[in-house]
Amino acid sequence: MPDPTRRALGGPGVVLVVVYGVLALAATGRSLLQILSGFDRAPLAYALSALAAAVYLLATWCLARGGKWVRVGTWACTVELVGVLAVGAASFLVPDAFPDKTVWSHFGQGYGFVPLVLPVLGLLWFRKVEREAAAAEQAEASPPDAGQPGSGRTPDAPTA
Amino acid sequence: MIEPLTYVVVGLATLLFVGSVYYAVKDRLIDDRLLALAALVEVGLLVLLALGLANLGQITDSTEKATFAAYLVSLPLIPISTALLTIKEKTRWAMGSFAVGAFAVAVMALRLQQIWNAYA
């Protein structure tokens with residue numbers, strides 16, 4: 001059952017889902033093509049393409065579902081960020097290892113650098129969802145009029 | 001037949017993009033007019049899918065042929081999935097997501113045309 005306090009789809013999240021969905025579609029398409037048309041030609045690049053496609057699909061799912069998937073999504077976005085940075089750098093430093101392109105080659109240049117920007121936006125969004133959920137849980141655990149010394153939150157200025 | 005239809009689809013998708021951005025700015029939710037435009041784009045993409053698959057033999061390079069087919073199949077999924085998301089979401093971000101989908105359709109349809117131009 002989805003956790004209502006960790007709803008990741010509302011607001012800006014819906015745009016992220018669409019962008020992630022399109023990228024997942026493109027990455028999956030490219031990866032299937034590359035593997036079907038000859039995996040031996042560039043095994044490292046093609047394996048990375050398949051990994052990237054799987055991670056994008058996972059991240060899209062996590063954004064759409066929210067709840068307990070928020071944590072999984074954070075990991076997926078972290079893997080993407082590390083992937084695009086590592087593969088991006090490697091494709092410049094050791095071009096021979098990448099005879100064919102992956103989504104992450106040259107920091108995602110072939111996709112308008114969207115693969116570089118997207119995981120950062122995803123991480124920021126998941127962090128916001130997580131924080132709001134944590135704040136809501138805390139508020140529920142201790143109602144505001146019960147008085148909570150040392151909670152670190154300034155209550156509304158007393159009028160008395 | 002494929003070429004003029006692609007340009008019609010690109011035109012309609014661009015119109016849909018501009019309309020969605022306008023709605024997002026004005027903080028309006030999706031209505032029948034935009035949905036009808038999206039439906040037109042969808043019909044165009046489905047006809048394109050049928051025509052493209054029927055004429056797939058004209059593309060001789062196997063990689064290009066596969067890319068062409070992948071785009072043909074992927075494209076019709078976008079308006080449907082973004083429309084479903086947009087109808088459910090009740091903030092202005094919904095129109096933003098619709099705009100992103102329309103933009104993706106326009107770009108992918110142009111890419112489709114590039115591949116087709118090289119062989120037809």
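Patches are made of residues with over 30% relative accessible area and no salt bridge, where like charges are joined within 9 Å and nonpolar side chains (Val, Leu, Ile, Met, Phe, Trp, Tyr) within 5 Å. Under this rule, Val117(A), Val120(A), Leu121(A) and Leu124(A) form a nonpolar patch on the surface, and their accessible area together is about 310 Å²; such areas come from the Shrake-Rupley method with a 1.4 Å probe, and for residues only the protein chains shown count as cover. The model is a predicted one, in which local features need pLDDT of at least 70 and side-chain atom pairs count only at pLDDT 80 or more, while totals for chains, interfaces and linings use all residues. Residues are numbered from 1 along each chain as its sequence is written, chains are lettered from A and ligands numbered from 1 in the order in which they are written, and side-chain values use heavy atoms, with hydrogens and water left out.

A positive surface patch is formed by Arg7(A), Arg65(A), Lys68(A) and Lys88(B). Lys and Arg count as positive and Asp and Glu as negative, with His and the chain ends not counted, and the place of a charge is taken as NZ of Lys, CZ of Arg, CG of Asp or CD of Glu. Lys88(B) is located in helix 4 (residues 77–88) of chain B, and its relative accessibility of 72% is why Lys88(B) counts as exposed.

Side chains of opposite charge can pair when their charged atoms come close. The structure holds 5 salt bridges over all chains, a salt bridge being a side-chain nitrogen of Lys or Arg within 4 Å of a carboxyl oxygen of Asp or Glu. In one of them, Arg6(A) pairs with Glu130(A), the closest N and O atoms lying 2.7 Å apart. This pair links distant parts of the chain, for Arg6(A) is in the segment before helix 1 (12–36) of chain A and Glu130(A) is in helix 4 (residues 114–141) of chain A, 124 residues apart. A salt bridge also joins Glu137(A) to Arg6(A), with 3.0 Å between the closest N and O atoms. Glu137(A) lies in helix 4 of chain A and Arg6(A) in the segment before helix 1 of chain A, so this pair ties together parts that are 131 residues apart in sequence. Arg6(A) is buried, at a relative accessible area of 12%, whereas Glu130(A) is partly exposed at 23% and Glu137(A) is partly exposed at 38%.

In chain B, Asp31(B) forms a salt bridge with Arg28(B), and the closest N and O atoms are 3.7 Å apart. Asp31(B) is partly exposed, with a relative accessible area of 24%, and Arg28(B), at 35% relative accessibility, also counts as partly exposed. Salt bridges that share partners join Arg6(A), Glu130(A) and Glu137(A) into one network.

Most residues other than glycine have a negative phi. His106(A), although not a glycine, has a positive phi of about 50 degrees, and Phe113(A), likewise a residue other than glycine, has a positive phi near 60 degrees. Phe113(A) is placed in the loop between helix 3 and helix 4 of chain A and, at 37% relative accessibility, counts as partly exposed.

The secondary structure of chain B comes to 5 helices and 0 strands, and from the N terminus on its elements run α-α-α-α-α. The C-alpha atoms of chain B fill a box of roughly 50 × 20 × 20 Å along the principal axes, and buried residues make up 46% of its 120 residues. Val107(B), found in helix 5 (residues 93–117) of chain B, is partly exposed at 43% relative accessibility. The C-alpha atoms of Val107(B) and Val10(B) are separated by 7.8 Å, although these residues are 97 residues apart along the chain.

Terms used: Helices (H or I, at least four residues) and strands (E, at least two) are DSSP runs, numbered from the N terminus. Buried means under 20% relative accessible area, exposed over 50%, partly exposed in between (1.4 Å probe, protein chains only).
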